[in-house]
Amino acid sequence: LASRVHAFVRKLQEQNIAHNLLLAKSPDDEGLCDAYVIPRQNQCRNTYPVLGEPLKFAVVEICGLVLARSDHQLDNLTEAHIREEMDKNVCLPPDDLRRVTEFIGRPTQR
């Protein structure tokens with residue numbers, strides 16, 4: 001696992017593609033872990049206001065725990081706001097996504 005993750009991360013770095021890495025205990029195998037490499041846009045880009053405050057999508061937010069930055073944002077944030085922010089400022093642009101899928105050998109699903 002480590003050598004495959006390393007090869008993938010190295011390829012992302014060569015292509016100048018930002019990414020997050022999440023390691024989680026495998027639910028099926030005691031003592032093993034699963035690795036999730038999440039290609040994405042550079043995190044510095046996602047600082048645009050959503051309901052008056054930026055939503056900063058780091059690895060925790062990408063994995064589903066979105067943190068509101070104010071009471072107003074907390075009370076009014078919708079799934080549509082989150083999807084729009086992720087599509088615009090977190091998900092890879094189509095050309096970068098194609099490059100990633102080419103070097104991992106899987107079809108683009110976007």
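Helices (H or I, at least four residues) and strands (E, at least two) are DSSP runs, numbered from the N terminus. With that in hand, the protein chain comes to 5 helices and 4 strands, and along the sequence the pattern reads α-β-β-β-β-α-α-α-α. The model is predicted, so local features need pLDDT of at least 70 and side-chain atom pairs count only at pLDDT 80 or more, while totals for chains, interfaces and linings use all residues. Residues are numbered from 1 along each chain as its sequence is written, and side-chain values use heavy atoms, with hydrogens and water left out.

A view of the whole chain comes first. Taken along the principal axes, the C-alpha atoms of the protein chain fill a box of roughly 45 × 35 × 20 Å. Of its 110 residues, 24% count as buried; here buried means under 20% relative accessible area, exposed over 50%, and partly exposed in between (1.4 Å probe, protein chains only). Contact means heavy atoms within 4.5 Å. Among the contacts in the protein chain with a separation of 6 or more, 43% are accounted for by residues 24 or more positions apart.

An α-helix has 3.6 residues a turn, so residues three or four places apart point the same way. Just after α5, Gly105 takes a positive phi of about 80°.

The meeting of α1 and α5 can be described in some detail. The two helices pack at an angle of about 145°, with their axes 11 Å apart. For these values, axes are lines fitted to C-alpha atoms, for helices over the stretch in contact, and angles run from 0 to 180 degrees between N-to-C directions. The crossing in which α1 passes α5 is right-handed; a crossing is left-handed if the near helix is turned anticlockwise from the far one by less than a right angle, and right-handed if clockwise. On the α1 side, Phe8, Lys11 and Leu12 meet Val100, Phe103 and Ile104 of α5. By class, this contact has 5 nonpolar, no polar and 1 charged residues, where Ala, Val, Leu, Ile, Met, Phe, Trp, Tyr, Cys and Pro count as nonpolar, Asp, Glu, Lys and Arg as charged, and the others, Gly among them, as polar.

Aromatic rings also take part. A search of the whole structure finds 1 aromatic pair. The pair is formed by Phe8 and Phe103 and is tilted, with 5.8 Å centre to centre and 55° between the planes. Rings of Phe, Tyr and Trp (its six-membered ring) pair if their centres lie within 6.5 Å, and planes under 30 degrees apart count as stacked, over 60 as edge-to-face and the rest as tilted. Phe8 in helix α1 and Phe103 in helix α5 are 95 residues apart, and their pair links distant parts of the chain. Phe8 counts as buried at 16% relative accessibility, whereas Phe103 is partly exposed, with a relative accessible area of 25%.

Helix α4 (residues 79-89) has its own buried residues, namely Ile82, Glu85 and Asn89. Seen down the axis of α4, these fall within an arc of 70°, so they line one face of the helix. Glu79, Ala80 and Arg83 are exposed on the other side of α4. The cover over the buried residues of α4 includes β3.

Asn16, in the loop between α1 and β1, has a phi near 60°, a positive value in a residue other than glycine, and is exposed, with a relative accessible area of 71%. Leu51 lies in the loop between β3 (49-50) and β4 (53-54). Although not a glycine, Leu51 has a positive phi of about 60°, and this residue is partly exposed at 27% relative accessible area. Ser26, in the loop between β1 (19-25) and β2, counts as buried at 8% relative accessibility.

Terms used. Arc of directions from axis to C-beta.
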